[in-house]
Amino acid sequence: MTDITPRLGTVAAPPGAGSYHRESRWYPYALIAPTMLTLTVVALVPFLYMGWISLHEARYGQVGAFAGLENYRKLLGDPRFWNSMSVAGLFVAIAVPVEFMLGLIGALVLSQKIRFRSVLIPFLFIPSMMAPIIVGLVWKTMLAGSWGFFSYNILERFGILQGSSVFASPDLALYGLIFVDIWEWTPFMVLTFFAGMQALPANPFWAAQVDGANPVQIFFRLTLPMLAPLLVVIGLIRTIDAFKVYDTIYILTNGGPGITTESPSVLGYKYTFDFWEIGTASALAVVIWLLFFVFCNIFYQIAKRRLNVF
Amino acid sequence: MHKSRANSLVFTTLSIAYAALILFPVFWMWSYAFKSEAEMFARPTVWLFTPTFEHFGYMIENGYHHYLVNSLIVSGASTALVVIIGTPAAYAFARYRDMKFRDDLFLFVLATRMAPPVCLVIPYYLIYAKFDLLDTYLGLVIAYLTFNLSFYVWVLSSFCRDLPLELEEAARVEGYSRARAFVKVLLPLLRPGITATAVLCFIFAWNEFMYAFLLGGQNVKTLPVGIPSLITTQGVRWGEMAIIGMVGTLPVMVVVFFLQKHIVRGLTMGAVKG
(Lines give C-alpha, C1' and ligand atoms only; values in the text may rest on other atoms or scores of the structure.)
Protein backbone atom coordinates (compact mmCIF):
# COMPACT_ATOMS: atom_id res chain seq x y z
CA MET A 1 0.00 0.00 0.00
CA THR A 2 2.96 2.28 0.44
CA ASP A 3 3.17 3.01 -3.29
CA ILE A 4 0.10 5.27 -3.20
CA THR A 5 1.77 7.60 -0.74
CA PRO A 6 2.50 10.84 -2.60
CA ARG A 7 6.24 11.23 -2.99
CA LEU A 8 6.36 14.49 -4.88
CA GLY A 9 9.40 16.72 -4.85
CA THR A 10 10.42 17.06 -1.26
CA VAL A 11 12.71 14.46 0.13
CA ALA A 12 11.09 12.84 3.12
CA ALA A 13 12.85 13.63 6.37
CA PRO A 14 14.96 10.64 7.39
CA PRO A 15 13.62 8.74 10.37
CA GLY A 16 14.65 10.36 13.58
CA ALA A 17 16.07 13.46 11.91
CA GLY A 18 13.89 15.66 14.09
CA SER A 19 15.11 14.11 17.27
CA TYR A 20 18.77 14.68 16.32
CA HIS A 21 17.97 18.33 15.90
CA ARG A 22 16.39 18.57 19.30
CA GLU A 23 19.26 16.58 20.76
CA SER A 24 21.72 19.43 20.27
CA ARG A 25 20.45 22.46 18.46
CA TRP A 26 23.82 24.17 18.67
CA TYR A 27 25.70 21.47 16.75
CA PRO A 28 25.43 23.21 13.33
CA TYR A 29 26.43 26.48 14.97
CA ALA A 30 29.49 24.80 16.40
CA LEU A 31 30.43 23.72 12.89
CA ILE A 32 30.11 27.20 11.43
CA ALA A 33 31.59 29.01 14.44
CA PRO A 34 35.26 28.90 13.30
CA THR A 35 34.35 30.32 9.91
CA MET A 36 32.14 33.03 11.36
CA LEU A 37 34.74 33.96 13.93
CA THR A 38 37.47 34.13 11.32
CA LEU A 39 35.40 36.18 8.90
CA THR A 40 34.44 38.53 11.71
CA VAL A 41 38.08 39.11 12.58
CA VAL A 42 39.49 39.33 9.05
CA ALA A 43 36.59 41.10 7.32
CA LEU A 44 34.02 42.63 9.65
CA VAL A 45 36.38 44.21 12.16
CA PRO A 46 38.61 45.85 9.51
CA PHE A 47 35.46 47.07 7.78
CA LEU A 48 34.06 48.62 10.95
CA TYR A 49 37.45 50.13 11.69
CA MET A 50 37.40 51.66 8.23
CA GLY A 51 33.90 53.02 8.80
CA TRP A 52 35.18 54.57 12.05
CA ILE A 53 38.15 56.14 10.22
CA SER A 54 35.82 57.55 7.58
CA LEU A 55 34.15 59.61 10.31
CA HIS A 56 37.44 61.10 11.51
CA GLU A 57 40.10 63.43 10.24
CA ALA A 58 42.74 61.07 8.95
CA ARG A 59 45.87 61.78 6.97
CA TYR A 60 49.30 60.14 6.74
CA GLY A 61 48.21 57.16 8.80
CA GLN A 62 47.23 59.33 11.80
CA VAL A 63 43.60 59.21 12.86
CA GLY A 64 42.63 62.54 14.40
CA ALA A 65 39.50 64.25 15.73
CA PHE A 66 35.94 63.23 15.02
CA ALA A 67 34.81 64.90 11.80
CA GLY A 68 31.26 63.70 11.28
CA LEU A 69 30.39 63.34 7.62
CA GLU A 70 33.09 65.77 6.47
CA ASN A 71 35.01 63.06 4.56
CA TYR A 72 31.85 62.02 2.73
CA ARG A 73 31.10 65.65 1.86
CA LYS A 74 34.64 66.01 0.51
CA LEU A 75 34.32 62.77 -1.46
CA LEU A 76 30.97 63.59 -3.04
CA GLY A 77 32.24 67.07 -3.89
CA ASP A 78 35.30 65.70 -5.66
CA PRO A 79 34.87 65.56 -9.45
CA ARG A 80 37.41 62.72 -9.53
CA PHE A 81 34.98 60.55 -7.58
CA TRP A 82 32.22 61.13 -10.12
CA ASN A 83 34.71 60.62 -12.92
CA SER A 84 35.68 57.25 -11.45
CA MET A 85 32.03 56.27 -11.17
CA SER A 86 31.41 57.10 -14.81
CA VAL A 87 34.58 55.26 -15.86
CA ALA A 88 33.37 52.17 -14.02
CA GLY A 89 29.85 52.68 -15.36
CA LEU A 90 31.02 52.86 -18.97
CA PHE A 91 33.35 49.93 -18.44
CA VAL A 92 30.56 47.73 -17.08
CA ALA A 93 27.96 48.99 -19.56
CA ILE A 94 30.07 48.00 -22.56
CA ALA A 95 32.13 45.05 -21.36
CA VAL A 96 29.42 43.00 -19.66
CA PRO A 97 26.77 43.05 -22.45
CA VAL A 98 29.39 42.33 -25.13
CA GLU A 99 30.81 39.43 -23.12
CA PHE A 100 27.26 38.23 -22.61
CA MET A 101 26.30 38.26 -26.29
CA LEU A 102 29.58 36.74 -27.43
CA GLY A 103 29.29 34.18 -24.64
CA LEU A 104 25.84 33.10 -25.81
CA ILE A 105 26.92 32.88 -29.43
CA GLY A 106 30.05 30.98 -28.47
CA ALA A 107 28.06 28.55 -26.34
CA LEU A 108 25.67 27.90 -29.24
CA VAL A 109 28.60 27.21 -31.57
CA LEU A 110 30.22 24.95 -28.97
CA SER A 111 26.94 23.00 -28.64
CA GLN A 112 27.09 22.01 -32.31
CA LYS A 113 28.82 18.90 -33.53
CA ILE A 114 32.39 20.00 -33.13
CA ARG A 115 35.53 17.94 -33.45
CA PHE A 116 38.22 18.17 -30.81
CA ARG A 117 35.74 19.83 -28.44
CA SER A 118 37.18 18.16 -25.35
CA VAL A 119 40.63 19.35 -26.40
CA LEU A 120 39.44 22.90 -27.02
CA ILE A 121 37.55 23.42 -23.77
CA PRO A 122 40.53 23.60 -21.38
CA PHE A 123 42.11 26.34 -23.47
CA LEU A 124 39.03 28.50 -23.03
CA PHE A 125 39.65 28.58 -19.28
CA ILE A 126 43.09 30.08 -19.56
CA PRO A 127 42.36 33.83 -19.84
CA SER A 128 40.04 33.95 -16.84
CA MET A 129 42.12 31.60 -14.70
CA MET A 130 45.49 33.27 -15.17
CA ALA A 131 46.48 36.15 -12.91
CA PRO A 132 44.80 39.42 -14.00
CA ILE A 133 48.13 41.16 -13.65
CA ILE A 134 49.60 38.70 -16.17
CA VAL A 135 46.63 39.29 -18.49
CA GLY A 136 47.62 42.95 -18.27
CA LEU A 137 51.22 42.02 -19.05
CA VAL A 138 50.15 40.00 -22.11
CA TRP A 139 48.29 42.98 -23.55
CA LYS A 140 50.98 45.40 -22.51
CA THR A 141 53.28 43.53 -24.88
CA MET A 142 50.66 43.00 -27.59
CA LEU A 143 49.58 46.64 -27.65
CA ALA A 144 52.86 48.38 -26.78
CA GLY A 145 53.49 51.44 -28.91
CA SER A 146 55.15 50.81 -32.30
CA TRP A 147 56.65 47.33 -31.57
CA GLY A 148 53.70 45.53 -29.91
CA PHE A 149 52.46 42.67 -32.08
CA PHE A 150 48.93 44.05 -32.46
CA SER A 151 50.04 47.67 -32.63
CA TYR A 152 52.48 47.03 -35.47
CA ASN A 153 50.67 44.35 -37.46
CA ILE A 154 47.08 45.51 -37.13
CA LEU A 155 46.63 49.02 -35.73
CA GLU A 156 49.42 50.56 -37.81
CA ARG A 157 48.82 48.51 -40.93
CA PHE A 158 45.18 49.56 -41.06
CA GLY A 159 46.00 53.12 -40.13
CA ILE A 160 44.09 53.12 -36.84
CA LEU A 161 46.92 54.40 -34.66
CA GLN A 162 50.46 55.32 -35.67
CA GLY A 163 53.57 54.79 -33.57
CA SER A 164 51.78 55.08 -30.23
CA SER A 165 50.09 52.77 -27.75
CA VAL A 166 46.34 52.51 -27.38
CA PHE A 167 46.88 53.00 -23.67
CA ALA A 168 48.61 56.34 -24.17
CA SER A 169 45.63 57.83 -25.98
CA PRO A 170 43.05 59.62 -23.82
CA ASP A 171 40.30 58.68 -26.28
CA LEU A 172 41.21 55.02 -26.72
CA ALA A 173 42.71 53.92 -23.38
CA LEU A 174 39.40 53.03 -21.72
CA TYR A 175 38.26 51.11 -24.78
CA GLY A 176 41.58 49.28 -24.79
CA LEU A 177 40.95 48.20 -21.20
CA ILE A 178 37.41 47.15 -22.10
CA PHE A 179 38.81 45.09 -24.98
CA VAL A 180 41.21 43.36 -22.60
CA ASP A 181 38.36 42.62 -20.19
CA ILE A 182 36.32 41.15 -23.03
CA TRP A 183 39.26 38.99 -24.10
CA GLU A 184 39.70 37.85 -20.51
CA TRP A 185 36.11 37.00 -19.66
CA THR A 186 34.25 36.01 -22.84
CA PRO A 187 35.69 32.47 -22.93
CA PHE A 188 34.51 31.99 -19.38
CA MET A 189 30.99 33.12 -20.35
CA VAL A 190 31.06 30.68 -23.28
CA LEU A 191 31.97 27.81 -20.97
CA THR A 192 29.41 28.72 -18.33
CA PHE A 193 26.56 29.08 -20.79
CA PHE A 194 27.67 25.91 -22.55
CA ALA A 195 27.61 24.01 -19.24
CA GLY A 196 24.17 25.49 -18.54
CA MET A 197 22.84 24.39 -21.93
CA GLN A 198 24.21 20.88 -21.46
CA ALA A 199 22.41 20.63 -18.13
CA LEU A 200 18.97 21.49 -19.58
CA PRO A 201 16.48 18.61 -19.79
CA ALA A 202 16.22 17.13 -23.30
CA ASN A 203 12.48 16.39 -23.41
CA PRO A 204 11.12 19.88 -24.22
CA PHE A 205 13.58 20.12 -27.10
CA TRP A 206 12.45 16.82 -28.61
CA ALA A 207 8.84 17.86 -28.26
CA ALA A 208 9.55 21.19 -29.97
CA GLN A 209 11.32 19.44 -32.83
CA VAL A 210 8.42 17.02 -33.26
CA ASP A 211 6.08 20.02 -33.39
CA GLY A 212 8.21 21.46 -36.19
CA ALA A 213 9.73 24.45 -34.39
CA ASN A 214 12.72 25.99 -36.16
CA PRO A 215 16.08 26.52 -34.41
CA VAL A 216 15.47 30.26 -33.91
CA GLN A 217 12.12 29.62 -32.22
CA ILE A 218 13.68 26.90 -30.09
CA PHE A 219 16.44 29.27 -28.97
CA PHE A 220 14.19 32.18 -28.02
CA ARG A 221 11.22 30.22 -26.68
CA LEU A 222 13.02 27.37 -24.94
CA THR A 223 16.76 27.73 -24.43
CA LEU A 224 16.78 31.36 -23.37
CA PRO A 225 13.91 31.20 -20.83
CA MET A 226 15.22 27.98 -19.33
CA LEU A 227 18.68 29.49 -19.04
CA ALA A 228 17.38 32.78 -17.60
CA PRO A 229 18.27 32.20 -13.93
CA LEU A 230 21.83 31.26 -14.82
CA LEU A 231 22.13 34.30 -17.08
CA VAL A 232 20.99 36.55 -14.25
CA VAL A 233 23.50 35.11 -11.79
CA ILE A 234 26.40 35.34 -14.23
CA GLY A 235 25.39 38.84 -15.27
CA LEU A 236 25.45 40.00 -11.66
CA ILE A 237 28.73 38.30 -10.80
CA ARG A 238 30.39 39.79 -13.86
CA THR A 239 28.95 43.24 -13.13
CA ILE A 240 30.37 43.17 -9.62
CA ASP A 241 33.74 41.85 -10.77
CA ALA A 242 34.01 44.32 -13.64
CA PHE A 243 33.19 47.16 -11.26
CA LYS A 244 36.07 46.31 -8.95
CA VAL A 245 38.67 45.62 -11.65
CA TYR A 246 42.08 46.82 -10.52
CA ASP A 247 45.07 44.68 -11.48
CA THR A 248 44.80 45.02 -15.26
CA ILE A 249 44.23 48.78 -15.04
CA TYR A 250 47.15 49.15 -12.64
CA ILE A 251 49.61 47.50 -15.00
CA LEU A 252 48.22 48.91 -18.26
CA THR A 253 47.38 52.56 -17.54
CA ASN A 254 47.29 53.12 -13.76
CA GLY A 255 44.30 55.38 -14.34
CA GLY A 256 45.88 57.46 -17.09
CA PRO A 257 46.29 59.22 -19.37
CA GLY A 258 45.16 61.92 -16.95
CA ILE A 259 42.23 60.37 -15.14
CA THR A 260 40.53 58.87 -18.18
CA THR A 261 40.72 55.28 -16.91
CA GLU A 262 40.64 55.95 -13.18
CA SER A 263 38.19 53.41 -11.77
CA PRO A 264 36.98 53.65 -8.14
CA SER A 265 39.51 50.99 -7.10
CA VAL A 266 42.37 52.93 -8.67
CA LEU A 267 41.11 56.17 -7.13
CA GLY A 268 40.86 54.56 -3.71
CA TYR A 269 44.43 53.38 -4.06
CA LYS A 270 45.62 56.86 -5.04
CA TYR A 271 43.73 58.57 -2.21
CA THR A 272 45.46 56.23 0.21
CA PHE A 273 48.98 55.69 -1.02
CA ASP A 274 49.61 58.72 -3.23
CA PHE A 275 47.78 61.55 -1.43
CA TRP A 276 47.61 59.87 2.01
CA GLU A 277 44.00 61.11 2.37
CA ILE A 278 43.01 58.08 4.40
CA GLY A 279 39.74 59.58 5.63
CA THR A 280 38.46 60.27 2.11
CA ALA A 281 39.71 56.89 0.91
CA SER A 282 37.77 55.18 3.71
CA ALA A 283 34.65 57.12 2.81
CA LEU A 284 35.06 55.96 -0.80
CA ALA A 285 35.51 52.38 0.34
CA VAL A 286 32.36 52.56 2.46
CA VAL A 287 30.37 53.95 -0.47
CA ILE A 288 31.63 51.19 -2.78
CA TRP A 289 30.90 48.59 -0.14
CA LEU A 290 27.32 49.81 0.27
CA LEU A 291 26.84 49.71 -3.48
CA PHE A 292 28.16 46.17 -3.54
CA PHE A 293 25.99 45.11 -0.68
CA VAL A 294 22.88 46.17 -2.57
CA PHE A 295 24.10 44.23 -5.62
CA CYS A 296 24.94 41.26 -3.49
CA ASN A 297 21.54 41.25 -1.82
CA ILE A 298 19.73 41.32 -5.16
CA PHE A 299 21.98 38.54 -6.38
CA TYR A 300 21.27 36.41 -3.36
CA GLN A 301 17.50 36.91 -3.48
CA ILE A 302 17.28 36.05 -7.17
CA ALA A 303 19.62 33.12 -6.91
CA LYS A 304 17.80 31.68 -3.93
CA ARG A 305 14.28 32.15 -5.22
CA ARG A 306 14.70 31.35 -8.88
CA LEU A 307 17.57 28.90 -8.90
CA ASN A 308 17.26 27.19 -5.58
CA VAL A 309 21.03 26.82 -5.49
CA PHE A 310 21.75 27.97 -2.00
CA MET B 1 23.84 14.58 -44.16
CA HIS B 2 26.20 16.57 -46.32
CA LYS B 3 24.91 19.84 -44.93
CA SER B 4 25.44 18.88 -41.32
CA ARG B 5 28.97 17.73 -42.16
CA ALA B 6 29.73 21.07 -43.75
CA ASN B 7 28.25 22.84 -40.71
CA SER B 8 30.36 20.80 -38.38
CA LEU B 9 33.46 21.75 -40.36
CA VAL B 10 32.59 25.46 -40.24
CA PHE B 11 31.92 25.40 -36.51
CA THR B 12 35.05 23.40 -35.82
CA THR B 13 37.13 25.89 -37.78
CA LEU B 14 35.49 28.79 -35.95
CA SER B 15 36.21 27.24 -32.55
CA ILE B 16 39.81 26.49 -33.37
CA ALA B 17 40.29 30.04 -34.67
CA TYR B 18 38.84 31.39 -31.42
CA ALA B 19 41.08 29.17 -29.32
CA ALA B 20 44.04 30.48 -31.31
CA LEU B 21 42.96 34.07 -30.65
CA ILE B 22 42.94 33.23 -26.95
CA LEU B 23 46.24 31.40 -26.89
CA PHE B 24 48.35 33.36 -29.34
CA PRO B 25 48.82 36.50 -27.18
CA VAL B 26 49.77 34.33 -24.21
CA PHE B 27 52.37 32.35 -26.13
CA TRP B 28 53.63 35.49 -27.85
CA MET B 29 54.27 37.05 -24.46
CA TRP B 30 56.09 33.87 -23.37
CA SER B 31 58.34 34.10 -26.39
CA TYR B 32 59.75 37.34 -24.96
CA ALA B 33 61.35 35.28 -22.22
CA PHE B 34 63.70 33.87 -24.86
CA LYS B 35 64.21 36.92 -27.10
CA SER B 36 66.98 39.48 -27.08
CA GLU B 37 65.92 43.12 -26.81
CA ALA B 38 66.62 43.73 -30.50
CA GLU B 39 64.26 40.90 -31.45
CA MET B 40 61.51 42.11 -29.11
CA PHE B 41 61.41 45.65 -30.47
CA ALA B 42 62.05 44.78 -34.11
CA ARG B 43 59.83 46.29 -36.79
CA PRO B 44 58.65 44.36 -38.73
CA THR B 45 57.91 41.63 -36.22
CA VAL B 46 60.53 38.88 -35.93
CA TRP B 47 59.02 35.41 -36.09
CA LEU B 48 62.09 33.19 -35.97
CA PHE B 49 64.83 33.70 -33.41
CA THR B 50 67.51 31.76 -31.57
CA PRO B 51 66.43 31.48 -27.95
CA THR B 52 68.57 33.27 -25.39
CA PHE B 53 68.62 32.52 -21.68
CA GLU B 54 70.09 35.81 -20.50
CA HIS B 55 66.80 36.84 -18.88
CA PHE B 56 66.74 33.69 -16.77
CA GLY B 57 70.24 34.52 -15.61
CA TYR B 58 69.12 37.99 -14.51
CA MET B 59 66.19 36.50 -12.58
CA ILE B 60 68.40 34.13 -10.59
CA GLU B 61 71.05 36.80 -9.95
CA ASN B 62 68.44 39.15 -8.53
CA GLY B 63 66.81 36.52 -6.37
CA TYR B 64 63.50 36.25 -8.15
CA HIS B 65 63.34 32.53 -7.38
CA HIS B 66 62.57 33.59 -3.80
CA TYR B 67 59.41 35.21 -5.15
CA LEU B 68 58.36 31.82 -6.46
CA VAL B 69 59.02 30.19 -3.10
CA ASN B 70 57.10 32.97 -1.32
CA SER B 71 54.15 32.48 -3.65
CA LEU B 72 54.11 28.76 -2.90
CA ILE B 73 54.35 29.28 0.87
CA VAL B 74 51.65 31.95 1.10
CA SER B 75 49.21 30.27 -1.30
CA GLY B 76 49.76 26.84 0.24
CA ALA B 77 49.41 27.96 3.85
CA SER B 78 46.33 30.07 3.24
CA THR B 79 44.66 27.25 1.29
CA ALA B 80 45.38 24.72 4.04
CA LEU B 81 43.94 27.09 6.63
CA VAL B 82 40.82 27.66 4.54
CA VAL B 83 40.19 23.91 4.19
CA ILE B 84 40.55 23.32 7.93
CA ILE B 85 38.31 26.20 8.97
CA GLY B 86 35.81 26.09 6.14
CA THR B 87 34.95 22.43 5.61
CA PRO B 88 32.69 21.97 8.67
CA ALA B 89 30.90 25.24 7.93
CA ALA B 90 30.24 24.31 4.30
CA TYR B 91 28.75 21.04 5.47
CA ALA B 92 26.60 22.67 8.15
CA PHE B 93 25.19 25.25 5.72
CA ALA B 94 24.20 22.50 3.28
CA ARG B 95 22.92 19.97 5.80
CA TYR B 96 21.08 22.08 8.40
CA ARG B 97 19.08 24.26 6.09
CA ASP B 98 16.43 24.98 8.69
CA MET B 99 18.73 26.34 11.37
CA LYS B 100 17.86 29.78 12.61
CA PHE B 101 19.56 32.74 10.91
CA ARG B 102 21.05 30.39 8.28
CA ASP B 103 20.23 32.73 5.41
CA ASP B 104 21.56 35.79 7.20
CA LEU B 105 24.77 34.03 8.14
CA PHE B 106 25.21 32.70 4.62
CA LEU B 107 24.63 36.17 3.19
CA PHE B 108 27.25 37.51 5.58
CA VAL B 109 29.70 34.96 4.18
CA LEU B 110 28.93 36.09 0.66
CA ALA B 111 29.11 39.78 1.55
CA THR B 112 32.70 39.46 2.78
CA ARG B 113 33.65 38.08 -0.63
CA MET B 114 31.95 40.78 -2.66
CA ALA B 115 33.96 43.66 -1.25
CA PRO B 116 36.63 44.99 -3.57
CA PRO B 117 40.07 44.44 -2.03
CA VAL B 118 40.82 48.15 -2.17
CA CYS B 119 38.15 48.59 0.52
CA LEU B 120 39.91 46.32 2.95
CA VAL B 121 43.48 47.14 2.17
CA ILE B 122 43.36 50.51 3.97
CA PRO B 123 42.33 49.22 7.40
CA TYR B 124 44.59 46.21 6.88
CA TYR B 125 47.54 48.46 6.23
CA LEU B 126 46.89 50.51 9.37
CA ILE B 127 46.18 47.50 11.58
CA TYR B 128 49.20 45.58 10.27
CA ALA B 129 51.44 48.59 10.81
CA LYS B 130 50.33 48.59 14.43
CA PHE B 131 50.81 44.85 15.00
CA ASP B 132 54.02 44.48 12.96
CA LEU B 133 52.34 42.22 10.45
CA LEU B 134 53.41 44.16 7.36
CA ASP B 135 55.85 42.20 5.24
CA THR B 136 55.24 38.87 7.00
CA TYR B 137 53.97 35.54 5.70
CA LEU B 138 51.34 35.46 8.42
CA GLY B 139 50.01 38.86 7.37
CA LEU B 140 49.40 37.77 3.79
CA VAL B 141 47.97 34.41 4.81
CA ILE B 142 45.42 36.18 7.02
CA ALA B 143 44.59 38.73 4.33
CA TYR B 144 43.95 35.95 1.80
CA LEU B 145 41.33 34.45 4.10
CA THR B 146 39.07 37.41 3.29
CA PHE B 147 38.36 36.24 -0.23
CA ASN B 148 39.17 32.53 -0.09
CA LEU B 149 37.37 31.41 3.05
CA SER B 150 33.99 32.72 1.95
CA PHE B 151 34.53 31.37 -1.56
CA TYR B 152 35.46 27.95 -0.22
CA VAL B 153 32.48 27.71 2.13
CA TRP B 154 30.11 28.87 -0.56
CA VAL B 155 31.27 26.46 -3.27
CA LEU B 156 31.94 23.43 -1.10
CA SER B 157 28.48 23.85 0.35
CA SER B 158 27.06 23.24 -3.12
CA PHE B 159 29.07 20.01 -3.27
CA CYS B 160 27.75 19.04 0.16
CA ARG B 161 24.19 19.33 -1.05
CA ASP B 162 24.81 16.38 -3.36
CA LEU B 163 25.77 14.08 -0.48
CA PRO B 164 23.24 11.32 0.11
CA LEU B 165 21.54 11.90 3.45
CA GLU B 166 20.88 8.17 3.88
CA LEU B 167 24.56 7.34 4.33
CA GLU B 168 24.90 9.64 7.28
CA GLU B 169 21.71 8.30 8.80
CA ALA B 170 22.93 4.73 8.32
CA ALA B 171 26.16 5.59 10.09
CA ARG B 172 24.16 7.15 12.93
CA VAL B 173 22.06 4.01 13.25
CA GLU B 174 25.30 2.05 13.49
CA GLY B 175 26.05 4.11 16.57
CA TYR B 176 28.45 6.69 15.12
CA SER B 177 28.33 10.11 16.70
CA ARG B 178 27.53 12.97 14.35
CA ALA B 179 31.10 14.18 14.31
CA ARG B 180 32.43 10.68 13.67
CA ALA B 181 29.91 10.05 10.88
CA PHE B 182 31.04 13.30 9.29
CA VAL B 183 34.73 12.44 9.43
CA LYS B 184 34.49 8.72 8.61
CA VAL B 185 31.64 8.61 6.10
CA LEU B 186 31.12 12.02 4.55
CA LEU B 187 34.65 13.43 4.30
CA PRO B 188 35.87 10.63 2.01
CA LEU B 189 32.86 11.24 -0.26
CA LEU B 190 33.58 14.97 -0.26
CA ARG B 191 37.22 14.60 -1.17
CA PRO B 192 36.84 15.42 -4.90
CA GLY B 193 34.82 18.53 -4.05
CA ILE B 194 37.31 19.61 -1.40
CA THR B 195 40.24 19.08 -3.77
CA ALA B 196 38.64 21.03 -6.60
CA THR B 197 37.59 23.95 -4.40
CA ALA B 198 40.89 24.06 -2.55
CA VAL B 199 42.84 24.11 -5.81
CA LEU B 200 40.73 27.06 -6.99
CA CYS B 201 41.51 28.85 -3.72
CA PHE B 202 45.17 28.12 -4.27
CA ILE B 203 45.00 29.69 -7.73
CA PHE B 204 43.23 32.79 -6.43
CA ALA B 205 45.93 33.23 -3.81
CA TRP B 206 48.62 32.49 -6.39
CA ASN B 207 47.18 35.16 -8.73
CA GLU B 208 46.49 37.78 -6.06
CA PHE B 209 48.25 41.07 -6.57
CA MET B 210 46.93 43.98 -4.52
CA TYR B 211 47.32 42.66 -0.98
CA ALA B 212 50.69 41.16 -1.84
CA PHE B 213 51.81 44.45 -3.35
CA LEU B 214 50.70 46.67 -0.46
CA LEU B 215 50.98 44.42 2.60
CA GLY B 216 54.13 42.58 1.53
CA GLY B 217 57.52 44.23 1.45
CA GLN B 218 61.16 43.35 1.05
CA ASN B 219 60.84 39.90 2.62
CA VAL B 220 57.53 38.60 1.35
CA LYS B 221 57.29 39.40 -2.34
CA THR B 222 55.16 37.05 -4.40
CA LEU B 223 55.45 36.39 -8.13
CA PRO B 224 52.78 38.89 -9.29
CA VAL B 225 54.52 41.63 -7.29
CA GLY B 226 57.66 40.90 -9.29
CA ILE B 227 56.03 42.33 -12.41
CA PRO B 228 55.88 46.01 -11.41
CA SER B 229 59.32 45.69 -9.81
CA LEU B 230 60.70 45.11 -13.31
CA ILE B 231 59.42 48.46 -14.53
CA THR B 232 62.54 50.38 -13.54
CA THR B 233 63.84 53.88 -14.07
CA GLN B 234 66.33 52.40 -16.56
CA GLY B 235 63.49 50.97 -18.61
CA VAL B 236 61.07 48.06 -18.64
CA ARG B 237 62.60 44.58 -18.45
CA TRP B 238 60.19 42.81 -20.79
CA GLY B 239 62.06 39.51 -21.00
CA GLU B 240 62.12 39.12 -17.22
CA MET B 241 58.46 40.08 -16.94
CA ALA B 242 57.65 37.45 -19.55
CA ILE B 243 59.40 34.84 -17.42
CA ILE B 244 57.17 35.73 -14.47
CA GLY B 245 54.18 35.60 -16.80
CA MET B 246 55.20 32.14 -17.94
CA VAL B 247 56.10 30.70 -14.54
CA GLY B 248 52.94 32.23 -13.07
CA THR B 249 50.66 30.78 -15.74
CA LEU B 250 52.05 27.25 -16.18
CA PRO B 251 50.67 25.79 -12.93
CA VAL B 252 47.31 27.39 -13.68
CA MET B 253 47.24 25.66 -17.06
CA VAL B 254 48.06 22.30 -15.51
CA VAL B 255 45.28 22.71 -12.97
CA VAL B 256 42.80 23.72 -15.65
CA PHE B 257 43.48 20.54 -17.61
CA PHE B 258 42.83 18.32 -14.63
CA LEU B 259 39.94 20.18 -13.03
CA GLN B 260 38.02 21.63 -15.96
CA LYS B 261 34.77 19.93 -14.90
CA HIS B 262 34.74 21.66 -11.53
CA ILE B 263 35.91 25.10 -12.49
CA VAL B 264 32.67 26.31 -14.05
CA ARG B 265 30.83 25.35 -10.94
CA GLY B 266 33.44 26.97 -8.76
CA LEU B 267 33.57 30.26 -10.58
CA THR B 268 29.80 30.59 -10.76
CA MET B 269 29.74 30.03 -7.00
CA GLY B 270 27.97 26.70 -7.46
CA ALA B 271 25.18 28.06 -9.65
CA VAL B 272 25.97 25.55 -12.40
CA LYS B 273 26.36 21.91 -11.57
CA GLY B 274 29.05 21.39 -14.19
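Me: How many helices and strands does the secondary structure of chain A come to?
Reply: The model is predicted, so that local features need pLDDT of at least 70 and side-chain atom pairs count only at pLDDT 80 or more, whereas totals for chains, interfaces and linings use all residues. Residues are numbered from 1 along each chain as its sequence is written, and chains are lettered from A and ligands numbered from 1 in the order in which they are written. Helices (H or I, at least four residues) and strands (E, at least two) are DSSP runs, numbered from the N terminus. For chain A the secondary structure comes to 13 helices and 2 strands.

Me: Which residues of helix α6 of chain A are buried?
Reply: A residue is buried if 20 or more other C-beta atoms, placed from the backbone, lie within 10 Å of its own. In chain A, buried residues make up 40% of the 310 residues. Helix α6 (residues 132-142) of chain A is largely enclosed by the rest of the structure, because 11 of its 11 residues are buried. The buried residues of α6(A) are A:Pro132, A:Ile133, A:Ile134, A:Val135, A:Gly136, A:Leu137, A:Val138, A:Trp139, A:Lys140, A:Thr141 and A:Met142.

Me: Are α8(A) and α10(A) roughly parallel or roughly antiparallel to each other?
Reply: Helix α8 (residues 173-198) of chain A packs against helix α10 (residues 215-243) of chain A with the axes 11 Å apart and at an angle of about 150 degrees. The axes are lines fitted to C-alpha atoms over the stretch in contact, and angles run from 0 to 180 degrees between N-to-C directions. Angles over 145 degrees count as roughly antiparallel and those under 35 as roughly parallel. Therefore α8(A) and α10(A) are roughly antiparallel.

Me: How do the residues of the contact of α8(A) with α10(A) divide?
Reply: Contact requires C-beta atoms, placed from the backbone, within 7 Å. Among the residues making the contact are A:Trp185 and A:Phe193 of α8(A) and A:Leu227 and A:Arg238 of α10(A). Ala, Val, Leu, Ile, Met, Phe, Trp, Tyr, Cys and Pro count as nonpolar, Asp, Glu, Lys and Arg as charged, and the others, Gly among them, as polar. The residues divide into 8 nonpolar, 3 polar and 2 charged.

Me: Which helix gives the largest share of the side of chain B that touches chain A?
Reply: The contact takes 81 residues from chain A and 84 residues from chain B. On the side of chain B that touches chain A, the residues divide into 60 nonpolar, 19 polar and 5 charged. The largest share, 14 residues, comes from chain B's helix α1 (residues 2-31).

How values were computed: Two residues are in contact if their C-beta atoms, placed from the backbone, lie within 7 Å. A residue is buried if 20 or more other C-beta atoms lie within 10 Å of its own, exposed if 12 or fewer, and partly exposed in between; C-beta atoms are placed from the backbone. Angles under 35 degrees count as roughly parallel, over 145 as roughly antiparallel, 65 to 115 as roughly perpendicular and the rest as oblique.
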